[in-house]
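Colleague: Hi! I'm new to this one, could you walk me through it?
Modeller: Happy to, let's take a look together.

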Amino acid sequence: MRSGGRMAELVFFAVPTESDKTLLVWELSSGPTAEDLHHSLFTVFSQFGLLYSVRVFPNAAVARPGFYAIIKFYSARDAHRAQKACHEKHLFQNSPVKVRLGTRHKAVQHQALALNSSQCQELANYYFGFNGWSKRIIKLQDLSDLEERENDDAAVPLQNQSLKFFCALEVVLPFYECRSPGVGMAEEPLEKLEEGPLSFLMKRKTTQKLAIQKAVSDAFQKLVIVVLENGKIAVEYRPCEEITDARTEEELQDLIQISYFSWKQDGQGEEECLSDLSFEEDEFKPPELD
């Protein structure tokens, strides 16, 4: 992307899967533990930009003892700088490490996974600053269909009922004069007949919090961070087809039923799944060791 004649990079609030944002680091010493290597790698490579993940794996049985690591950046530009600066350098060990950008077969494609709310906030804090954004809750509605149990022997068993909450909010970036709406739905099953009022209140609070977190993640998905070559930041708002401009409580009220039914059909719980880890060892491999 070009902006005013300068190259600009787009950073999305999504799990980075592109090969130009992934570094493969190998010839790591077998002396330290995997946990120690994780700490050392994070310390070194986080100097070049915000990291999504650092994962350390033991070498294959046919190779000499040691480890290799897969490091993911949110920014391809940061990954390139880290590769050039760290390749064949000693870093934190006596022997040099090797670093290269990840490679992946062109046929391999993965659906973009949304960052969870904590990761979205970490990314927003890094680029916008802690005081550069805020969230405003517009609607937090209880959609639980709990049946009255007093004097009703035919009531639905507690384990078949659940707490449901819907949240509508907006993420506000005042410096960029940008607002992004988001909605989230959360459900928590009530499993035990003997659960008391305190346990019920705790589950209610947890369900409310999860709905808010999902709405925060949804709001950030509509924002794209534009990093200019000179380091300056811009923001692009990309509304989805279902929500084009919903900034008031009245407008978002109409989304409650729509979001509720689409959520039930979708059936997805967490914003992020563990499949992100399953393909890494298969698709990113260190070169054969001599």
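**Salt bridges and a sheet**

Modeller: Let's start with glutamate 27, which forms a salt bridge with arginine 64; their closest N and O atoms are 3.5 Å apart. Keep in mind that this is a predicted model.

Colleague: Which parts of the chain does that pair tie together?
Modeller: Glutamate 27 sits in strand E3 (residues 22–28), while arginine 64 is in the loop between strand E4 (51–58) and strand E5 (67–73), so the pair ties together parts that are 37 residues apart in sequence.

Colleague: And how accessible is arginine 64?
Modeller: Arginine 64 has 43% relative accessibility, so it counts as partly exposed. Glutamate 27 is also partly exposed, at 27%.

Colleague: What network are Glu27 and Arg64 linked in?
Modeller: Together with Lys98, they are linked in a network of salt bridges.

Colleague: How many salt bridges are found in the whole structure?
Modeller: The search finds 10. One of them joins arginine 136 to glutamate 170, with the closest N and O atoms 2.9 Å apart. That pair links distant parts of the chain, since arginine 136 is in strand E7 (residues 134–142) and glutamate 170 is in strand E8 (residues 161–173), 34 residues apart.

Colleague: Is glutamate 170 buried or exposed?
Modeller: Buried, because its relative accessibility is 1% and the cut-off for buried is under 20%.

Colleague: What does lysine 164 pair with?
Modeller: Lysine 164 forms a salt bridge with glutamate 187, and their closest N and O atoms are 3.7 Å apart. Glutamate 187 lies in strand E9 (residues 178–190) and lysine 164 in strand E8, so this pair ties together parts 23 residues apart in sequence. Lysine 164 is buried, with a relative accessible area of 8%, whereas glutamate 187 is partly exposed at 32%.

Colleague: Switching topic: in what order do the strands of the open sheet come?
Modeller: The order is E7-E8-E9, three strands with antiparallel pairing. E7 and E9 are the edge strands, each pairing on one side only. On average, neighbouring strands here are turned by 20 degrees against each other, ignoring direction.

Colleague: How many bridges join E7 to E8?
Modeller: Eight bridges join these antiparallel strands. As an example, leucine 140 has cysteine 167 in E8 as its bridge partner.

Colleague: Which helix packs on the sheet?
Modeller: That's helix H4 (residues 197–220), which touches E7, E8 and E9. The direction of H4 makes about 145 degrees with that of E9.

Terms used. Residues numbered from 1 in each chain as written. Predicted model: local features only at pLDDT ≥ 70, side-chain atom pairs only at ≥ 80, totals over all residues. Heavy atoms only, no water. Salt bridge = Lys/Arg side-chain N within 4 Å of Asp/Glu carboxyl O. Helix = DSSP H or I, 4+ residues; strand = E, 2+ residues; numbered from the N terminus. Buried < 20%, exposed > 50% of the residue type's maximum accessible area, 1.4 Å probe, protein only. Pairing = 2+ DSSP bridges. Axes fitted to C-alpha atoms, helices over the stretch in contact; angles between N-to-C directions. Contact = heavy atoms within 4.5 Å.
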